[in-house]
Amino acid sequence: MMKKRMLGVIAVLLVCIFALSACKKEAGKPVDNAVSENTTDDSEDTDQTEDAGKYKFGFSVIDMQNPYFITLEEAAQQIVEKEECTMLVKDPASDADTQAEQIREMINEGINAIFLCPVDWEKITPSLQALQDAGVKIINIDSQVKDTDYIDAYVGSDNTEAGKLCGNDLIEKYPDGGTVAILEATTQNSVNDRITGFEQAVAKAEKGFEVVAREDTNGTFDSALEAAKKILEEQPDVTAIMCGNNQMAVAAKTALNLANNDQTVVYSVDGSPDIKKELMKADSQIAGTVAQSPINIGKKAVDIALNVLDGKDFEAETAIDVFMINKDNVEMYGADGWQ
């Protein structure tokens, strides 16, 4: 009788052990296909499994086809993996409604914090409210939301300064003044700030610059190309086109090629490898680009998010320095990658 009881106890203990083992294996399992394939799985080690599950981040930016955001995500992912956390990456593809839906999905999947660059700085407000209601910490990156009371921290470039640097370079290159066209994206506050900075700079020129055309785009190549073609049909002799980002600049350069225009120059903000390659060409009409550092923004954003979640001190607003790259100094920076 005693032997039977002992066998029964052993059987129960074995069942419990197997059940606990199964639970541990599930703890490090990605919850969505959007989790990076490079996320480490430490489920074989009991202590590491507990650490790996401490934070789950969401990542939602304007468009993951944009090389700038791809680089930013990769930089953030490096730190996330180093800290043995996970990150769900979603691509709204420049659609504000899609971004809102994907944010709801990430809330349901239990994220602790989100790295967020809004497709539309005003339409994102209901999503900010939903994130706050769910207790999700919001690290706003690259382009500010309109209702900043919802966010925990912001990390991005000094965008107004970036625009001013473009304007100052234009004034230096064209001291007699001229005409300017602008490609902007009013739903993106980062672009708004760049255009504002640019206009502030050229307004102070001794010889004036007149803005003769401006087109609102969503910041993508296709929409900017159509806008640039329209501008050049109406203003074929425009001195310069100021672009809110490098994708718009590539579109403007393409439109100039199609119009056989070899006089108009292009300014932009980003400092992408493709634009730096253009700057290295002797006959390129890309006059300058103000360089951002998506690498530094991504790493800094994760550092701040971890401090927020750990209850440590953190900077509520971080402006990453920007600088002008033109034909005079592009060789110094190279075109192999981002800053």
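I started with E215, which forms a salt bridge with K230, the closest N and O atoms being 3.3 Å apart. I count a salt bridge when a side-chain nitrogen of Lys or Arg is within 4 Å of a carboxyl oxygen of Asp or Glu. E215 lies in strand β7 and K230 in helix α8, so the pair ties together parts that are 15 residues apart in sequence. Helices (H or I, at least four residues) and strands (E, at least two) are DSSP runs, numbered from the N terminus.

The model is predicted: local features need pLDDT of at least 70 and side-chain atom pairs count only at pLDDT 80 or more, while totals for chains, interfaces and linings use all residues. Residues are numbered from 1 along each chain as its sequence is written, and side-chain values use heavy atoms, with hydrogens and water left out.

I then checked burial, where buried means under 20% relative accessible area, exposed over 50%, and partly exposed in between (1.4 Å probe, protein chains only). E215 is buried at 19% relative accessibility, whereas K230 is partly exposed at 39%.

Next I looked up R214. Its side chain meets that of E184 in a salt bridge of 3.1 Å, N to O. E184 sits in strand β6 (residues 178-184) and R214 in strand β7 (residues 209-216), so this pair links parts 30 residues apart in sequence. R214 also meets E199 in a salt bridge, at 3.0 Å, N to O. E199 belongs to helix α7 (residues 189-202) and R214 to strand β7, so the parts tied together are 15 residues apart in sequence. E184 is buried at 11%, R214 is partly exposed at 36%, and E199 is partly exposed at 27%.

I searched the whole structure and found 11 salt bridges.

Last, I asked at what angle helix α8 and helix α9 pack. The answer is about 45°, with the axes of α8 (residues 221-234) and α9 (residues 246-258) 8 Å apart. Axes are lines fitted to C-alpha atoms, for helices over the stretch in contact, and angles run from 0 to 180 degrees between N-to-C directions. That makes α8 oblique to α9; angles under 35 degrees count as roughly parallel, over 145 as roughly antiparallel, 65 to 115 as roughly perpendicular and the rest as oblique.

I noted the residues in contact (heavy atoms within 4.5 Å). Among them are F221, L225 and K229 of α8 and M248, V250 and L256 of α9.
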